[in-house]
Every structure is written in C-alpha cells, then in structure tokens.
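Dear colleague,

Please find the structure below, followed by a short account of what was found in it.

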Amino acid sequence: FIQMLRSAKKRDVLQLLRRAPEEMLPFVVEAAVAAQSVASLAALSDFLDFSKEPKSLLEKFLYAAAFSPRPSGELLRLVLDKLDGKQLAPEVWETGIVAMGSLVGKLCQQELCGLQEVERGVETILAGLRGAKEESEVVIYLLALGNAALPETIPTLLDYAEEGPATVAAAAISALRRFPARHISGKVKGAMRRIFHEKRKSYEKTCRLAAAEMLLDNEPSPMDVINILLATIEMETETATFLLLKVQNSLRGDHHPARKIMKDIMRDPRINNYNFFSKAGISSSFSGPLTVTQDLLSTFGLDLLFLEGGFLRLSFSDFSLLSRGRWLRAAQVTIEAQGMESMLGENVLEGEEEPELMAGMSAIFFDVQLRPIVFFQGYTDLMAKVLLSSGEPTSVVKGNLLLMDHHQVIPLQSGLQVTVKLQGGLGLDISADMDVSIWEQELKTSINTRGSLAIDFQAELDAPFLQATLRSQTEVETSIHFDTMLRFSGSPVLMCLQLREEQVPYR
C-alpha cells in the first residue's frame, strides 16, 4: 500500500483519504505518513483539520510521524504547522509535543540538525518549556527533550532535575537517561550525586533511585558505588532493598558497564557482608537475557518498588535489545501509584512533601516516549473512577507503523548492479488498566501488548541479458500480558504477578 502511495499523485491520495470508510481511515493516514512522498504529505496537509477531526485519528497521525524510521524535514514541517497556534484537545497537544521531539531527534541522527524545520522544532519545545505554568505541561516538554536527546539541552534538563518539584524532577531525570553514555559527563554525574545524597534539598525516593541508577549505568567510579552502598544503611527498608538488588543485578549481567568495578568492590569484606545485603524488604529488581546470539542480546527487566506498608509504588518492565554496541529500548512500561500512604494511614517521612493521590503510566516503544496516561488524579477522581468504572482498558497506542525503510544500489565487480529494498512494518495494540477496589482492598493492574511484525526483502539484478529477483517475506505475531494483583487487607500484603505469553507464530 505504501509503495502504491509513493507513486500516486496528490489528487489521488486526497480522494483516497476522503472516500475511505471510517474504520479504514486510520490505516490510510498511517500509510500516507509512512510513504512520505511530496504528494502524500500535501494530501495529508489538505485533509487533516486539527479543529474538526476526532482525537483518535489525529493521535494516529502524530504517532505514525513519531515512529517514522527516516523522517523528512517536510514531515516535521507538516506536524509543526498543524500544531501551531491552535486550540487542541489536551491528548492531541501532548502527543504532538512528544512526536515533535522524536522527529527532531531522528533528523539530527541523519545529520540534518541544520534544517530550518529542526531549529523551529527545538525552539518551539524550549519556548513552551519556559512559558509552561502547569507541572503537567512542563513534564510533557521535558519528555519531548528526552525524545530529541540533543546534547545542548542537557544543562536545561539538569536545572529541572535539581530544582523542580517531584514530578518535574522525575521527568527530567527520565529524559537524561535517554542519552548515550558518551554524553553523561562529569557535570551530569555531579548533579546525580547531589540528588541521590540530597546535598541541596530533600528529594522524593523515586528521584533518588533514578539518580543512583544513572550513576550505576554509566561507567561509575568505585567511589560512587561505595557511597551508594553506604547510603543504603540510612534508608528505609524497601528503598534500600531495591537499590541493593540493583547493585547485585549489575554483577550478573555480562553486558553491564559497572560489572568489573562491582566485582572489585565485592572483594572487600567490609562491604560484601551480611549486614549490608540482608535487608528484608519485598521490593525487587530483576534483569536477565531472553535471547543471546553473536549479533544480538535481548533482555527483560522487572522492577517493583513498594512502600513500607506494602503498597506498590512503582512497577517498571523493560524489553531491550543490544546490537553492535547500540541499545534499543523496544518496550519500557512504568506504572506509578503515589499518595497512597495517606489512604492507608501511613505517615510521610519527615522532610518529604506529601504527594498528591495519583496513578498513571508512562511508556517508551522503539526509543519513542509516548504521552503519559493518568488513571486517576486526586481522591475525588479516584472515587468517580471506582464508582463509574466502565471496565474498559485504556488504549496506550494502537496502529500500524513503518519501522524499516531501506533502499540501496550495490555495484558488483562484474559491472552489474543489484538493487536492494527492505521494508518492515509493525502492527501494535497496547492497552493498560488499573482497577482499585476500596471495599475489597485490592489493586489490579494489567498491561496487554499485541504486535505483529512483517518484513519484506527484495534484491533485484537487472541487466540487458539477465534478470533475477530474490524475495523473502517474514511475519511474526505475539502477545504478552502482564498482570499484577495486590491485596492489602491484611499484613503482610499478598501479591500475585503473572506474565503470560501466547504462542508465537513465525512464518
């Protein structure tokens, strides 16, 4: 369909968009974005009216742009023009800003940072960040900077990480963690040390843990590791347990940048002893390999951070790929619940601000940060959701994306030429649900991920006396369901975790 659209005129693409049945329209829009021809982008520009179209269609258009493997300056200009100065639904505006960040980052990876559209995109994000009044707005702009991963924005992110309120600081650290190790300078590490050791002010525990992880994951010095371990003596049980498991994880992973330093430190009995590693919390951190080949390492990680009273504060699941020295975050899903302490009658630690009651989810797929989903915010909203729950899961992302798009002409020694074409498409449907039962004192969360990948490879040799074509098509389908259930009516809290993977057909 994409190949057909690439050779179509603007008039034909526009007619196709206008005449497509309602259920087929999102598919046509996604394909037109993926085609990225002058005609298809011009047709989309005429067809999409951001003041009239349904939110779901506009989000599909913006996500298709964000996931584009090799976006053009014209695609970014189209997104900028559609978002510029319009009154938009909050979901569309948030998706548009994170998509803008992704497009800027991918164009810079293609060494197109000097394009007028890229400069305009960066200025739009930075100007929006400076003028943002609400915390939720600041968070979106910071996540967009994380998608862009431009080294010149690191000082801005460090300011928000150190000085911002809890949610803003967490978003800024999350954005900084998207940068490759070569950009994590002494200045960045110094800021992370100040946050972790609370040199300037008190920080929320998730911010401190994220700062510690950043130090551990980026060629840490032996002193950093020792100071992090020593700090766990002063920490509450759950936070200390979580952090100590993180340190032990790095010893198990052959690929972990801190493994050698950790092994050296663990030879010291003053550190590697029962007193240090016997914290009896229920928080956990695990990571291990799923697939190991000569060219590829795929890993799965699961982190669960609990509050002292046994309530789940943070759940983080991660599927990552490492190939030829480059990390790809295939899927990272974070579910957060905060402010539950007051509901359960727990006291907030001295010096910590009492967080607002909130539960939400944040996800990164194929190195693109999606807009965060809020399940409920505030006690009134929680009660309304409990009483009026539809039972329907919240859709995080759903659609068809072009992930690979490669075209190459290879000259052979014989003087002949081979043309190689490779395209890979992904159908993705991810939904999440959080259900809180006040009466039964239960919390259930579920993340459902369904995906299908199709790869089309073609090599063609075309000469006056000989014609040969080699073609291969590969299809994979999979679905993964991750459920957690907590019952906090008694002590200890009962918990059930379930990761279900359905049979994977591979053709």
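F1 is placed in the segment before α1 (2-6), where helices (H or I, at least four residues) and strands (E, at least two) are DSSP runs numbered from the N terminus. This is a predicted model, in which local features need pLDDT of at least 70 and side-chain atom pairs count only at pLDDT 80 or more, while totals for chains, interfaces and linings use all residues. Residues are numbered from 1 along each chain as its sequence is written, and side-chain values use heavy atoms, with hydrogens and water left out.

With a relative accessibility of 39%, F1 is partly exposed (buried means under 20% relative accessible area, exposed over 50%, partly exposed in between; 1.4 Å probe, protein chains only).

Five aromatic pairs were found in a search of the whole structure (ring centres of Phe, Tyr and Trp, the last by its six-membered ring, within 6.5 Å; planes under 30 degrees apart are stacked, over 60 edge-to-face, the rest tilted). One of them joins Y63 and F67: the centres are 6.4 Å apart and the planes are at 55°, so the pair is tilted. Y63 is buried at 6% relative accessible area, and F67 is buried at 2%.

F300 and F319 also form a tilted pair, with 4.8 Å between centres and 40° between planes. This pair links distant parts of the chain, since F300 lies in strand β2 (residues 297-306) and F319 in strand β3 (residues 312-323), 19 residues apart. F300 is buried at 11%, whereas F319 is partly exposed at 23%.

Yours sincerely
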